[in-house]
Amino acid sequence: MVEQLTLFSPSQPPNYEQLNLPHSDIKLYRQFFDEATSNQLLETLKTNINWQQEYIQVYGKPQPIPRLTAWHGDEGTTYCYSGIKMTPEPWTDTLLQIKQAIETVAQVNFNSVLLNYYRDGNHGVGWHSDNEPELGKNPVIGSVSLGGTRRFSFKSKDKINPQKQDIELQHGDFLLMQGETQQYWYHQIPKTKKPVLPRINLTFRVILET
Ligand SMILES: O=C(O)CCC(=O)C(=O)O
Ligand SMILES: [Mn+2]
């Protein structure tokens, strides 16, 4: 019998840090994947994913978004953001292994994943919420970071009493955002002039009405 390869088989639930932001439920699992596993995942994803350069229209002209992306998931999990419509590529073994590992703590069945590849500090993502209608009112977003450490900032939508919090996402970290988080908070990966290593991020999602 061939033994099933599992990335993750904890004897007890892994520890996490709960971010103390109002109207949110944000848990940060540091080094959810150990160093060796994270290295292997990063190298496999760099080469096995069919990375795409997408464009958005700015004043009628196509502008490249500052990162490479890919969209994988169950058939029918089409996703639209910033005027970009993504039809899913099928799951790969590596993506399914990561999905299975994070589902042990997220306790939902993710049916899709948006992958982002930030090759250097000129790559980032601006302020936004993951609040597209196909994600529903209180989406569960499971976000895995591999490669170079990058700042991930939260900014409240409250204009009267604005709040901000920065965290540094490191190789192997898992960030779980759920509850009202997307209704009350924006997030971003700011570009940086500091030297940073390439980074891959995977945000697992549940697309409704597939
Ligand atoms: O790279 C990250 O950590 C965040 C990516 C993100 O916010 C998104 O794809 O919606
Ligand atoms: Mn996002």
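**Exercise 1.** In this predicted model, determine which pocket holds ligand 1.

*Solution.* The space that ligand 1 takes up is the largest pocket. The residues surrounding ligand 1 are L114, N116, Y118, H128, D130, F152, H187, I189, R199, N201, T203 and R205. Sorted by class, this shell consists of four nonpolar, five polar and three charged residues.

**Exercise 2.** Identify the strands that each supply at least two residues of the shell around ligand 1, and state which element gives the largest share.

*Solution.* Begin with the strands: β8 (112–118), β14 (185–189) and β15 (199–205) each contribute at least two shell residues.

**Exercise 3.** Find the distances from oxygen atoms of ligand 1 to polar side-chain atoms of Y118, R199 and N116.

*Solution.* Take the residues in turn. For Y118, a side-chain N or O atom is 2.5 Å from an oxygen atom of ligand 1. For R199, a polar side-chain atom lies 2.8 Å from a ligand 1 oxygen. For N116, the distance between a side-chain N or O atom and an oxygen atom of ligand 1 is 2.9 Å. As to cover, the protein hides 96% of the 290 Å² of accessible area that ligand 1 has on its own.

**Exercise 4.** Describe the protein as a whole, and explain why its radius of gyration agrees with that of a compact globule.

*Solution.* The secondary structure comprises three helices and 15 strands. Along its principal axes, the C-alpha trace spans about 60 × 40 × 40 Å. A compact globule of 210 residues would have a radius of gyration near 17 Å; the protein has 17 Å, so the two agree.

Notes. Residues numbered from 1 in each chain as written. Chains lettered and ligands numbered in written order. Predicted model: local features only at pLDDT ≥ 70, side-chain atom pairs only at ≥ 80, totals over all residues. Heavy atoms only, no water. Near = heavy atom within 4 Å. Polar contact = N/O pair within 3.5 Å; in protein donor to acceptor, adjacent residues only side chain to side chain. Areas by Shrake-Rupley, 256 points an atom, 1.4 Å probe, with all protein chains shown as cover. 1 Å grid on protein atoms, 1.4 Å probe; cavity = no way out; pocket = protein on both sides within 12 Å on 5 of 7 lines; lining within 4 Å. Sits in = over half its atoms within 2 Å of the grid points. Helix = DSSP H or I, 4+ residues; strand = E, 2+ residues; numbered from the N terminus. Nonpolar A, V, L, I, M, F, W, Y, C, P; charged D, E, K, R; others polar. Rg over C-alpha atoms; globule rule 2.2 N^0.38 Å.
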